[in-house]
Each structure stands twice: as C-alpha cells, then as structure tokens.
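Trainee: I'd like a close look at a single part of this one. Pick a spot where two pieces of the chain meet and walk me through it, please.

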Amino acid sequence: MKIIKADVLGMCFGVRDALAIMDDVRRPDSVTIHGELVHNEKVLDDLEERGFRMLAETRRQALPMTDTVLITAHGISAKERTRLADAGKKLIDTTCPLVTRAHHAAQKLQAEGRHVLVIGKRGHVEVQGIVEDLRSFDVLQAPDEVRTYANTKLGVMCQTTTPTRHAEQIRAAIKAKNPHADIRYVDTICHPTKDHQQALERLMNEVEAMVVVGGHNSNNTRQLLLRCQERGLPAYHVQGPEDLRPEWFEHVEAVGLSAGTSTLDETIDAVESALQQISVERLVAA
Ligand code: SF4
C-alpha cells in the first residue's frame, strides 16, 4: 500500500509560535491557560504535566486563580481582556496574528455601521472572542441559517479555519436573501487553513482512502474529514497511531495522510510509520 502525505499538513505557525512562547515560561505552575491552547489532547496532556494550570473553555467565566493568565492562539475579546486586567491579572498573549486580523476586520465592519455576519462555528472560542465585542451580529454555520436582515448594510467575515467552499456557499445565500443590501465581504480565512485544504484537494485525486490526524475537538481537522466525505472518499480521523485499524485498508492501494493545524510532527510521523507497518504486514500475509 502506497502512503502519500499531503504537501501541506500539520501544525501551523500560529500554534508553533504559541508553543514556543510557552517553552520560555519559567514557572508554569504560576500560569493559567485561558481555555484550550490547542484542540489537541496530546499537547494539552504535555502542558499539564509541565505544571500549567488550565481553565476549561466552558468555565472561562470564572476568574483564573493564578496572577498570570495565558491567552491562547484563538484569542479573546477586548471585553474579556479588560475583565482580566481589571482583576489584576498579568497576561501572556499568544493570540495568532491572523486571529487578531479577523478581530480588526469585524471591528471595521461594525464601525461602518454594518450588521456583522460571522461565518463560523457557534460557540467556538475564536468566534466567541470576535462576537463579544460586536453590538449587531449573527453567527452563520450553514446556508439555511441565512435570513433577510433588517439592516441593509451587511459585513461578512469568517472564522479563520472556515473552508473556502463553505464560506462561498454561505455568501451566495446571503446575497440571494438580501438582494438589495450593501454587502462587504472580508476574507479572514487564514492562509495555513487554505494551504491545508488545497493540499487535501490535490491529494484526494490520488488516493482511495484518507487518514486525518488531529484532536477530536479540532474544527479544522473535522473540516478536512468533511471535505473527504463530501467527495465520497473514505476518511478516518485518528488522534495517534493507536487509533488505526488494519481492516480500514484491506483493499486500498494508495492512502493519503493529512493532519489538522494543531497536530505535532511527531504524531504525524508515528501515524505514517504505523501505516507502513500495516502495509508490510499485509504483504507478508498475502
Ligand atoms: S489555524 Fe490559522 S489563525 Fe489559527 S493559529 Fe493557525 S495560522 Fe493562526
């Protein structure tokens, strides 16, 4: 069985930079990570072992116990930043610059008097951080959620990890339901996400099945899987080599390997080795 890796896969610069900042923290036990740094359980387990304290994403309303709070690559709202600062917390900020760019885009659309439509996953921390600073907004997950809006000045933007095709479908629905509106679109999908998705598109033409490595909570990993499913390609989500099942590949001659933007290189390598092992065992058994 041939194993073909996507030309672009795995950890993006935003997550790498966040982890590098954490490597420089001298006393991890004095720092609380405000939500999940990345949606990858292995990375989170390692951080916990190093002594970092963590506040679950669903419990971010509570104030962290430590004096220092680490803002994750997903960012937070200006409102939340002020709340933490007012409580005397010192902030270590690892917000990805491309998330910051999305915040600025939302603010600019709002300053223009537009009702802001955020294409993204409702409740996702990045989306939450963006909409907490908006007065007039809707979060759109699917084209059938689009309405005719009372405000005829609309501003449209995306969660950074939105698949381009998905954003286009929702934009088309906005235009169809609001034919007379003044609509301004700002493309805030990050380039690492686009690169991953384009690499997946190319790879799908060459393989009969796909393995996607990433955390169960990872939105961009899930999007890669969904795209394979849309194309009718069998796709398997694994967090590590232990999740692979040889029976998935019984009649597969070429399998693709992709990974979400928070997946460690070592995890991708381990999955690739395990796939090679499955291939060798199949040859021996033949
Ligand atoms: S997925 Fe994009 S926006 Fe998110 S951390 Fe990575 S580079 Fe930044």
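**Where two domains meet**

Mentor: Between domain 1 and domain 3 the count is one salt bridge, meaning a side-chain nitrogen of Lys or Arg within 4 Å of a carboxyl oxygen of Asp or Glu. Before we dig in: this is a predicted model, where local features need pLDDT of at least 70 and side-chain atom pairs count only at pLDDT 80 or more, while totals for chains, interfaces and linings use all residues. Residues are numbered from 1 along each chain as its sequence is written, and side-chain values use heavy atoms, with hydrogens and water left out.

First, the layout. Domain 1 takes in 2–9 + 191–285, domain 2 covers 13–96 and domain 3 covers 98–185; these bounds come from an automatic or database domain assignment. The centres of domain 1 and domain 3, taken over C-alpha atoms, are 31 Å apart. Eleven residues of domain 1 touch ten residues of domain 3, contact here being heavy atoms within 4.5 Å.

How much area is buried between domain 1 and domain 3? About 770 Å², with carbon and sulfur atoms giving 48%; that's the accessible area (1.4 Å probe) the two parts lose on being put together, summed over both. On the domain 1 side, T193, Q197 and N219 lose the most area to domain 3, together 46% of what that side buries.

Now the polar side. Three residue pairs are in polar contact between domain 1 and domain 3, both residues at pLDDT 80 or more. The rule there is a pair of N or O atoms within 3.5 Å; within protein, one must be able to donate a hydrogen and the other to accept it, and residues adjacent in sequence count only if both atoms are side-chain atoms.

In the salt bridge between R165 and E230, the N to O distance is 2.9 Å. E230 also pairs with R227, at 2.8 Å, N to O. Both R227 and E230 lie in helix α8, three residues apart, about one turn of the helix; helices are DSSP runs (H or I, at least four residues), numbered from the N terminus. R227 counts as buried at 15% relative accessibility, while E230 is exposed at 53%; buried means under 20% relative accessible area, exposed over 50%, partly exposed in between (1.4 Å probe, protein chains only).

Definitions and conventions
Helix = DSSP H or I, 4+ residues; strand = E, 2+ residues; numbered from the N terminus.
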